[in-house]
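Here's a quick briefing for anyone opening this structure without having seen it before. Have a look around, then come back for a tour by topic.

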Amino acid sequence: MSPLIDRHGRTKRKLRISLTDRCNFRCTYCMPEHPDWLPRASLLERGEIVRLAGLFVEHGIDQIRLTGGEPLLRRDLVECVREIDALRARGLTRLSMTTNASRIAPKARELVEAGIDDFNVSLDAIDPATFHHLTKRDIAPVLDGIQALVDAGAKVKLNAVVIRGDNEKDVVPLLEWAMERALPLRFIEYMPLDAPGHWKRDAVVSEAEMLAAIGERHRVESMPRGHDPATPYLVDGRYPLGVISTVSNPFCSTCDRLRITATGELFTCLFSPVGTPLGARLREGVDDTALAAQVARAVWLKDAGYASRPGPVDRPLTMHAMGG
């Protein structure tokens, strides 16, 4: 099968699939305070998810990440994982999950055994009060979930969105907490992806500002950059740190990822104003050949990215529905 390549010469290898728009957290940068959930009947069924995943694997996607909302809110999550894991026979090499970890402790070992290779855990602060301010939830279940994943032998990486006035003072404490536990961490600049009109440019804590704060207490070395969206650094000569700087230093020129929402819309860019309704076409009875042609066309027409159109994206779909 031919690989998926866009008109800017970027080959796609990674696919994010949202399993649900539901989430038990209320992070302000991700969703409105009172979100309108999608009708359950509109969400992809497990067989539809696996079918689309297989279609993309047949066209060169070898890494899939399951996202939400919060994936642990999906009742058939483990079955989804097992069935997507079976795509390794067709070319899948890595199956990952993004989670807030608050509900993962009882399922950690089962998810690892079902096929999850690594987990990204959202942890925006280590101070309990700051964490509660950001998420409207307690931090203890999240820390328990992280420990359960470690105990299950899972690879765990932490992600932290940094917002001025909310948690920029937690950058160094969170880093030091992660360093003590040898858990890789990525700081993420606050991106214009939340409710329309909510994002403000002056709330962005830039990569340079984060590194300056860290540099007051630690030695930070720049490392060669690859296709990963995070710019890699080495802290104190031993600890791997990443910074995703979409706003101050976009990585669009090397983007190799796509995403599918919980309703089956394909978004070729996180900042695309519209998606391609694969789920709707699938339910209309379109065969895989026609679906593949639609995917190839959408990917080919992919924009240059945020670097070419900086600023908030104009669409009703917020981050919890897009897929983290």
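Let's begin in the middle: the largest nonpolar core has 98 residues, and among them Ile64 and Phe187 touch the most other members. Keep in mind that this is a predicted model.

**Around Phe187**

- The strands E6 and E9 run parallel and are joined by four bridges.

**The sheet**

- Twelve strands make up an open sheet with mixed pairing, in the order E7-E8-E9-E6-E5-E4-E3-E2-E1-E10-E11-E12.
- Its edge strands are E7 (220–222) and E12, each of which pairs on one side only.
- Strand E5 (residues 155–162) is mostly covered, with six of its eight residues buried.
- On one side, E5 pairs with strand E4 (residues 118–122) in the parallel sense over five bridges, and Asn120 has Lys157 in E5 as its bridge partner.
- E5 is also joined by five bridges to strand E6 (residues 185–189), again running parallel; here Leu158 has Leu185 in E6 as its bridge partner.
- Strand E9 (residues 239–244) has five of its six residues buried, so it is largely enclosed by the rest of the structure.
- Not every pairing is parallel: strand E8 (residues 231–235) and E9 run antiparallel, with five bridges between them, and Tyr233 has Leu241 in E9 as its bridge partner.
- Over at E12, two bridges link that strand to E11, and the two run antiparallel. Leu266 has Thr276 in E12 as its bridge partner.

**A closer look at Thr98**

- Thr98 sits in strand E3 (residues 94–99).
- Is Thr98 buried or exposed? Its relative accessibility is 12%, so Thr98 counts as buried.
- The side chain of Thr98 makes a polar contact with the side chain of Arg65, at 3.4 Å.
- Not counting residues up to four places away in sequence, Thr98 touches Arg65, Leu66, Thr67, Pro71, Asn120 and Ser122.

**Helix H9**

- H9 (residues 288–300) has 13 residues and reaches 18 Å from its first C-alpha to its last, close to the 18 Å expected at 1.5 Å a residue.
- Its buried residues are Leu291, Ala292, Gln294, Val295, Ala298 and Val299. They cover an arc of only 160 degrees around the axis, which puts them on the same side of H9.
- The buried residues of H9 pack against helix H1 (46–58), strands E10 (257–260), E11 (265–267) and E12 (276–277), and helix H8 (278–283).
- Turned away from that buried side, the other face of H9 carries the exposed residues Thr289 and Arg297.
- What caps the N-terminal end of H9? Asp287 does, with a side-chain oxygen 3.3 Å from the backbone nitrogen of Thr289.

**Helix H2**

- In H2 (residues 77–85), the buried residues are Leu77, Val78, Cys80, Val81 and Ile84. They cover an arc of only 160 degrees around the axis, which puts them on the same side of H2.
- These buried residues pack against H1, strand E2 (63–67), E3 and helix H3 (108–114).

- Some background first: most residues other than glycine have a negative phi, and most peptide bonds are trans.
- Gly68 and Gly69 are joined by a cis peptide bond, with omega about 20 degrees. Gly69 is in the loop between E2 and H2.
- Ala101 has a positive phi, near 70 degrees, in a residue other than glycine. It is in the loop between E3 and H3, and at 0% relative accessibility Ala101 counts as buried.
- Asp236 isn't a glycine either, yet has a positive phi of about 55 degrees. Asp236 belongs to the hairpin of E8 and E9, which has three residues between the strands, and at 25% relative accessibility Asp236 counts as partly exposed.

Technical notes: Residues numbered from 1 in each chain as written. Predicted model: local features only at pLDDT ≥ 70, side-chain atom pairs only at ≥ 80, totals over all residues. Heavy atoms only, no water. Expected span 1.5 Å × (residues − 1). Buried < 20%, exposed > 50% of the residue type's maximum accessible area, 1.4 Å probe, protein only. Arc of directions from axis to C-beta. Contact = heavy atoms within 4.5 Å. Polar contact = N/O pair within 3.5 Å; in protein donor to acceptor, adjacent residues only side chain to side chain. Core = buried A, V, L, I, M, F, W, Y, C linked by side-chain atoms within 4.5 Å. Pairing = 2+ DSSP bridges.
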